[in-house]
Amino acid sequence: MITRRRSLQSIATGLGAAFGSSMFPDLSRAASLASAGGPKRVIFFMQNQGFDPATCIPAGMTSNSSLAKAILPEPIAALEPFKEKLHIINGLHGIHTSPSHSAFFGALGGYRGSDGVAPSASTIDYELSKVLPETLLPHLCIGMDSIENMKAKPTVANLSARGAGSPIFMHSNPNHLYEMLYGGISSGAIRNQHEARSGMLDRIEQMASAEGKALPAADQQRYGEFVQGFNDMNGLRERLGSVSDHLRNFAPVVDDGYTNPEFETDWHDRLLDLGVSALKSGITSVLTIGSGRGEIFGAWKGVGVEEQGHNLGHMVQKDNPIWIKIRQYNSQLLVRLMEELESVPEGSGTMMDNTLIVYTSNNADKQHTSGANWPVMLLGNCNGAFKTGCFTQLDGKRPINALYASILKTAGVDCERFNMSEQMASKYDSGSGPLKEILA
Amino acid sequence: MSRQTLALAVAALTVFVVNLPGTNSDAADSYTPGKPLHGDFASFALGFLDKHCLECHDDISSEGDLNLLDLGPVDETNAAIWKALWAQVSLQEMPPKEETQPEVIARLQFSDWIVSELERVMKDKGGFKAHLDPNKGNFIDHNLLFGPLPEGIKLEPTSSPTRIWRVTPQEHITRLNELINIEPTFDPEKPGVRTRGDVVPTNHGGELKLYFGTDRIIRWEGGTVAYATAVKSVPVVLASARKHGFENYPDFYSVNSAEATQILDKAENILRYMAYGPLAIVGMPEQITDDPKAYDKVKPPGDLRGLPTAIVYSTKVARELTPVYELMKDDSELTDERLGDAVNHLFESLTFRPPTTKESDDYVKMVKDSVAKVGKEDGVFMGLSALFLDRDALFRPELTEAGKADEYGRVMLQDWELGLAVNHALHYIKPDDSLSEAIAGGKMRTREDVEREVTRILSDDRIRKPRLLRFFRDYFDHDLAGYICKDSKALARTGAVGGNNYHRAMFDAAASTDRLIELILAEDKDVLKELLTTQQVVATKDDNTYFGRRHTKEEVVVASAAKKKEDQELAAKDDARIEELEKEIVELSAQLKGETLEAKVKKTLEGQKKKREDEKSRVEKNKPRNKSKMNVNVAETNLEGTKLYARVSRKSFGNGSMKPERTLTTAPEGQRLGLLTHPSWLVSHSDAMDNHAIHRGIWIRTRLLGGGIPDVPITVDAQLPDEPNTTLRSRMRVTREKYCWTCHEKMDPLGLPFEMYNHAGLFRTTEYDEPVDASGEIIDSGDPALDGPVENALEMIERLSESERVEQVFVRHAFRFWMGRNENLNDAPVLQAAHRAYRDNGGSMKALITSLLTSDAFLYRKVID
């Protein structure tokens with residue numbers, strides 16, 4: 001089995017000199033983080049239509065307790081073997097994000113979000129991608145929806161942003177995503193697509209560049225931006241292409257489910273495969289999964305749920321067979337994530353030891369909510385940086401922003417607040433700084 | 001260094017430099033705008049500073065806290081100070097009026113010198129472009145542009161720089177719209193309805209979007225949001241740098257990689273639609289049918305709301321069938337000829353000119369290469385999408401590469417460059433047949449050629465000219481209201497209905513104001529004055545509130561009582577009906593209990609009973625909501641008149657989509673005067689909580705009076721105190737501090753007269769239960785006849801609308817819009833001619849535009865290094 005460190009080192013000696021540290025995770029920095037604890041990668045799993053605490057909190061548990069002797073509720077029963085990595089947090093709020101039908105960018109941003117409104121600042125997943133060890137593709141977002149929506153709109157942006165007015169798109173078509181990540185090592189139809197597209201973009205860049213030669217000096221800079229844009233578009237392709245041998249070890253197998261999905265979950269599974277492979281290969285260190293893509297739609301016919309879309313948000317989740325199935329499916333995806341990461345040695349343990357998974361909803365506890373309660377599950381203790389194996393009912397009135405500040409702290413960024421001014425905090429935060437209750 | 005030492009130093013220098021060319025003494029003799037200046041700080045600027053600035057701005061007396069004694073040559077550390085100096089000197093703020101003024105030429109040279117130094121010094125540090133910004137266009141002295149020039153100023157024939165000009169977002173979307181939708185031809189019976197050539201209007205939410213196939217939709221599932229989500233639409237990709245004022249100077253924009261990526265994405269969508277129509281966007285082909293019930297038989301089970309499968313499209317073709325369609329239909333063979341046709345058609349649709357042979361061949365090859373890799377279907381769409389990123393599909397060149405320069409280094413635009421420049425001045429779609437033929441036939445080369453085409457186009461209403469409306473939108477900024485988020489309580493206090501209704505009313509108002517502008521343009525008499533003083537209103541039902549008057553406290557009490565009475569009457573009516581129905585139900589029940597009843601009779605009676613029970617339950621359920629619609633806060637007006645239409649977007653929100661119907665009517669007496677008193681303009685210049693008197697003042701000062709305002713100093717925290725329940729005027733007292741008033745004097749007294757309206761644009765006579773104070777003053781306008789106090793906005797607008805200076809400032813703004821740059825002194829003859837043309841033709845916009853488009857500034861280009 002190729003350990004990640006060994007494979008990267010062997011490539012680094014060859015290529016590291018040529019490409020510098022921007023290509024691969026900074027091993028020296030990783031080493032220092034490993035000793036200090038803290039995540040090397042973070043995964044955000046946002047299930048839409050709300051996260052009813054009754055679907056995750058063990059029956060009868062109302063105050064801070066260990067999960068050791070508890071039985072996890074049916075919707076998350078699959079996480080039972082991973083209980084000691086699990087921390088269920090109840091009592092955060094997101095009132096200021098105006099959840100209603102979804103807080104959209106506000107869920108990961110900790111600010112007010114609304115349908116059709118551009119993000120007003122960056123989101124936590126993007127910010128983490130800037131401080132975690134640098135990767136080729138700092139941040140990858142995948143979106144799971146009904147099959148019609150994934151086909152009709154293969155990319156949407158509702159959850160992640162790199163700044164005010166700068167949304168980041170979720171990828172929903174696994175064929176397109178495979179081509180983007182592994183085009184250089186693909187074969188068959190995907191390879192042809194990849195080569196055709198690369199060829200076309202190269203040609204466009206050449207033509208644009210030729211048209212710029214005769215321009216007056218004043219215009220050359222502006223037009224130069226246009227030409228440089230094509231360079232940027234081709235850039236990721238080239239960088240990924242140059243490490244294709246390394247990627248070969250991690251790329252998933254393209255099967256019929258990619259081209260001929262029977263259910264939307266066929267694509268959901270493959271999107272997760274691609275996300276996992278991106279993490280394992282070191283292409284990315286932050287993965288955001290939008291199950292329901294941050295809106296009020298979504299379908300899970302593949303697990304036997306006939307209802308879809310808006311209706312799913314207009315029903316009680318507790319003890320509801322429909323929601324049991326959906327959250328069970330989520331849990332299975334989480335288990336697969338963790339098992340895959342556990343299979344790759346890293347440092348003195350595995351990749352999972354240096355990974356944090358944040359599972360919650362973009363819609364607090366339910367649709368049409370005020371956002372007064374926003375349950376979250378954390379998976380992973382990152383070498384002791386996080387307290388795990390427990391349930392916490394938070395005191396006071398701490399916003400989801402405080403959770404995000406806590407994660408940033410473990411990633412080495414000291415901040416009192418995340419995306420919240422003192423003025424807002426006076427209304428929406430009864431405390432300050434990270435959540436002591438979740439940090440070791 | 002003390003002042004005495006400096007004076008000696010200057011004297012010493014002057015002795016040494018007096019005989020060198022380009023020094024102060026020589027330079028004062030003549031001045032040609034645009035000619036490079038000679039002289040460095042010591043030889044040039046020091047003298048000016050010493051003579052006009054240092055007496056008050058040295059270490060002994062630092063007026064305004066400004067000590068210029070140690071100011072040295074322009075560099076990146078003191079650039080901000082020099083920029084402030086430039087603003088003060090060119091705006092003639094400094095030296096103060098009571099001091100000796102520099103000679104006109106000396107002032108011009110000093111200004112120019114600072115700008116050229118800043119350009120030089122900042123060249124590799126981000127550049128200096130403030131003087132090129134439309135907001136600084138007024139820094140040129142109005143009197144020099146329209147009055148006699150002092151001896152020594154020698155103008156050169158003018159021109160504009162060679163450049164490439166990115167297409168505007170509106171232009172881009174309208175161009176793309178032509179590929180997938182057919183807009184109706186002009187209907188003289190309904191001139192206000194959207195027509196081919198008009199700009200794609202923004203949708204119900206104020207978004208600029210391209211809609212696919214919505215004209216063919218005959219059924220959808222769900223309500224407004226479900227519709228909006230299910231239809232296929234593509235948002236505008238190209239960015240706009242700013243909201244206020246002129247948005248489109250050539251040097252503002254490029255196209256970045258994010259935009260290019262999106263354009264490629266959208267391109268494939270558009271191409272597929274061109275080829276297959278709605279088949280490209282449905283989930284199942286059965287969705288395309290004239291009989292929705294046929295689709296019901298096969299549609300997927302469950303809730304389809306918001307999904308592409310929720311929509312039924314008719315079979316009627318509603319897009320032009322182009323060579324792209326021909327290429328992809330059935331299994332038609334991919335011949336070079338067919339491919340060439342598709343490439344050429346697309347190229348011309350996207351760049352507005354036919355491709356050269358090389359261009360055509362290059363793109364054909366690109367498509368063939370793609371097809372070779374991924375087959376016909378994907379390959380054609382992939383290859384053709386490259387055309388959307390052609391340089392000339394996104395930029396318009398004005399490079400005059402093939403032309404001979406005259407003695408001043410100017411080349412006249414010719415052929416396609418000239419034709420497309422004229423086209424862009426008026427249209428968003430490609431040149432019409434007549435213009436195309438002229439270009440192709442070598443008849444687009446002279447001033448007369450341009451005059452011929454422009455006159456033809458301007459006199460034909462069937463030819464749509466959306467760029468005119470765009471000028472007025474950029475000039476008035478009346479289209480911003482719908483984007484302003486209002487605090488719910490603050491909005492409720494105005495009397496206007498809040499929530500989505502408010503935003504919709506504002507977007508409707510922008511469309512209505514556009515239509516009003518069109519009506520005035522159609523008359524083409526005293527256009528500016530009409531716009532400023534018309535009593536006409538183009539209205540929707542909502543405008544009965546917005547053009548109404550806010551009730552006073554006492555009136556609210558009276559109205560509330562009246563509403564209460566009406567509510568009681570409605571409730572009583574409901575109660576009476578319920579009682580009546582109950583009686584009837586009891587009677588029918590009794591009858592039904594009767595002995596032997598025939599089945600048929602029984603059935604009838606049961607039917608009648610059920611009907612009454614249903615009605616009773618409906619009335620009971622509805623009773624709490626059955627209240628008077630009276631708005632107790634507003635004396636609503638009753639705007640009646642003739643029916644007309646405004647341009648609104650395609651159906652974008654189901655049954656909640658925008659409607660084009662309007663009423664042409666008159667404003668209530670004595671309350672309004674022209675566009676500046678319409679809610680669309682007023683709200684566009686307001687904020688979440690209140691009016692924005694400072695923005696309004698800036699508007700009047702810059703767009704009507706031609707005045708300039710220096711930038712807000714970086715040290716200023718420009719915020720009014722947070723004092724709820726006090727008037728804006730009282731909170732604005734803080735701008736009267738000495739340090740602030742020098743600039744705020746130019747703005748506040750011009751914006752406060754609009755306090756006669758609240759921040760939703762309703763007329764009001766009281767504010768916080770006191771009579772409204774709408775007084776203001778026109779100060780230092782540059783035209784002494786204009787200066788003086790005003791009682792309210794009506795008096796101010798009346799006075800301004802009579803002014804020739806205001807007309808001339810309007811002409812300056814038209815110049816900027818159509819030339820894409822600020823005017824300079826060399827443009828004086830063009831401006832004067834344009835103003836004369838406007839005046840001599842009775843205030844005709846057509847004459848103004850014709851004059852501008854046949855001017856040297858428009859026709860000639862010069863390479864600027």
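I started with B:Glu745, which counts as partly exposed because its relative accessible area is 31%. For my own reference, buried means under 20% relative accessible area, exposed means over 50%, and partly exposed is in between (1.4 Å probe, protein chains only). I placed B:Glu745 in the loop between helix 28 (738–744) and helix 29 (748–751) of chain B. Helices (H or I, at least four residues) and strands (E, at least two) are DSSP runs, numbered from the N terminus.

Ground rules before going on. This is a predicted model, in which local features need pLDDT of at least 70 and side-chain atom pairs count only at pLDDT 80 or more, while totals for chains, interfaces and linings use all residues. Residues are numbered from 1 along each chain as its sequence is written, chains are lettered from A and ligands numbered from 1 in the order in which they are written, and side-chain values use heavy atoms, with hydrogens and water left out.

**Chain B overall.** I noted 34 helices and 18 strands in chain B. Its C-alpha atoms fill a box of roughly 130 × 80 × 50 Å along the principal axes. Of the 865 residues in chain B, 54% are buried.

**Salt bridges.** The rule I used is a side-chain nitrogen of Lys or Arg within 4 Å of a carboxyl oxygen of Asp or Glu. That gives 97 salt bridges over all chains.

I looked up B:Glu156 and found its side chain in a salt bridge with B:Lys35, at 2.7 Å from N to O. The two sit 121 residues apart, with B:Glu156 in the loop between helix 6 (142–146) and strand 1 (160–161) of chain B, and B:Lys35 in the loop between helix 2 (24–27) and helix 3 (41–52). B:Glu156 is buried, with a relative accessible area of 19%, whereas B:Lys35 is partly exposed at 46%.

Next came B:Asp711 and B:Lys136, a salt bridge with the closest N and O atoms 2.9 Å apart. This pair links parts of the chain 575 residues apart. B:Asp711 is partly exposed at 39% relative accessibility, and B:Lys136 is buried at 11%.

Then I checked B:Arg470, which pairs with B:Glu247 at 3.4 Å between the closest N and O atoms. B:Arg470 is in helix 18 (residues 466–476) of chain B, and B:Glu247 lies 223 residues away in the loop between strand 5 (232–235) and helix 9 (257–276). Both are buried.

I also found a network of salt bridges with members from both A and B: A:Glu179, A:Arg197, A:Arg237, B:Glu268, B:Arg272, B:Glu377 and B:Asp378.

What does the side chain of B:His478 touch in a polar contact? I found B:Asp514, at 2.9 Å. (A polar contact is a pair of N or O atoms within 3.5 Å; within protein, one must be able to donate a hydrogen and the other to accept it, and residues adjacent in sequence count only if both atoms are side-chain atoms.) B:His478 is buried, with a relative accessible area of 1%.

The peptide bond from B:Met94 to B:Pro95 is cis, with omega near -10°. A:Gln49 is not a glycine, yet its phi is positive, near 65°; this residue is buried at 1% relative accessibility. I logged B:Asp524 too, with a positive phi near 55°, and it is buried at 11%.
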